[in-house]
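Me: Could you go through this structure with me? I'd like to take it one part at a time.

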Amino acid sequence: MERQESLAGKRLLFVITKSNWGGAQAYVCTLAKHSQSLGMEVAVALGGTGRPGSDTGILAARLTEAGIRVHVVPALARDISPLHEWRALQALTAFIRSERPDILHLNSSKAGVLGAIAGRRARIGRIVFTVHGWPHREPCGAVMRAVRWLGSWLTVVLSHAVIAVSDCDRCTAPVIFSRKKIAVVRNGMGDFPTLEKEAARHFLAPDIPALAKLTSWVLIPAELTRNKGIDIAIRAFAGVSTNVDHAALVMVGEGEEHEHLTRLIESYGLGGRAFLLGFVPDVRRYLKAADIFLLPSRKEGLPLAVLEAGRAGLPAIATRTGGIPEIIEHQKTGLLINPGDVDALADAMTTLLTNPVDATKLGMALEQKVREEFSEKMMLDRTLLLYVK
């Protein structure tokens, strides 16, 4: 506590690549609000929701509502472009020099490497980087994987401390003589209000009669990107739907894969069984609309979505990637499958949909584990300790 109190009055600047809403953005928002409550002077530099120059997203709005200063870096975007990277680096360097933060906390791979270079150029005394899943673990070609590995390695070298949100991220870190910089601070989750099933379903889909007729919902609350593996879920559900006629696949989120997923639903004839509901603010309030939570990701860090599902008491199916197996123990606190395994995912969904008593037990076990081992307070306290040299 004494070390935390010493942070009062310190200037803290967060940098994150995208300002749409996802796990990394929720992490930054939680830390920013908590740090401000301790008397720190907090600001957040961020990009838009996609391409360079795109509008800012819900993260910017929520930070502004909380009275936290937001600085937009238009050139900061996820996709790689030498010209935009140079512009983003110059803009970040100029802003960091003007802010002169005592602590620079970087989040996401692009903001990590550019922010670390900018922070060193500006001679910032404490640079902390949180990795939410290493980018070289994403499916890609050998050349791109090497580029991503080198970028992550440079971020580690230039940072003073690196937070891995899972043991998996610590073990797969691109380090050479720098492993001592890495501390595992798992994501945590506090209590949050939820609507009961019928009210939550009515809110999510008030005007979709076909969905209202289906009694069992498999819910995927996630950004529609390739990393989330939602295409795998649709392919798997095509097999489930023929055997379990009361089930629906419900996807809540938006992203670059929307059109592709829409075509995939049509190609499998799932128009009346699989539903893309679009982005829903604070979707965790409506988790109890689901009978089963599903996260079929190809790549993850330690996803807050799984912790939210646990807090809501939902039986969960997820993939063995990143830190997910540190939350879900197969057949004890949920079901795990390998990324991309369509048949195994179909079997897992069928198992839980046709065995509701067993599914309920898994949900209760996951809730207990999340409450006991993934405390939001613990995450906040351990992170703040890394702000102090």
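Me: Which residues are buried in helix 8?
Reply: In helix 8, which covers residues 197–204, the buried ones are A200, R201 and L204; buried means under 20% relative accessible area, exposed over 50% and partly exposed in between, with a 1.4 Å probe and protein chains only. Helices (H or I, at least four residues) and strands (E, at least two) are DSSP runs, numbered from the N terminus. Please keep in mind that this is a predicted model, where local features need pLDDT of at least 70 and side-chain atom pairs count only at pLDDT 80 or more, while totals for chains, interfaces and linings use all residues. Residues are numbered from 1 along each chain as its sequence is written, and side-chain values use heavy atoms, leaving out hydrogens and water.

Me: New topic: where does A247 lie, and is A247 buried or exposed?
Reply: A247 lies in strand 9, residues 247–252, and A247 is buried, with a relative accessible area of 0%.

Me: How many residues along the chain separate A247 and V218?
Reply: They are 29 residues apart along the chain, and their C-alpha atoms are separated by 7.3 Å.
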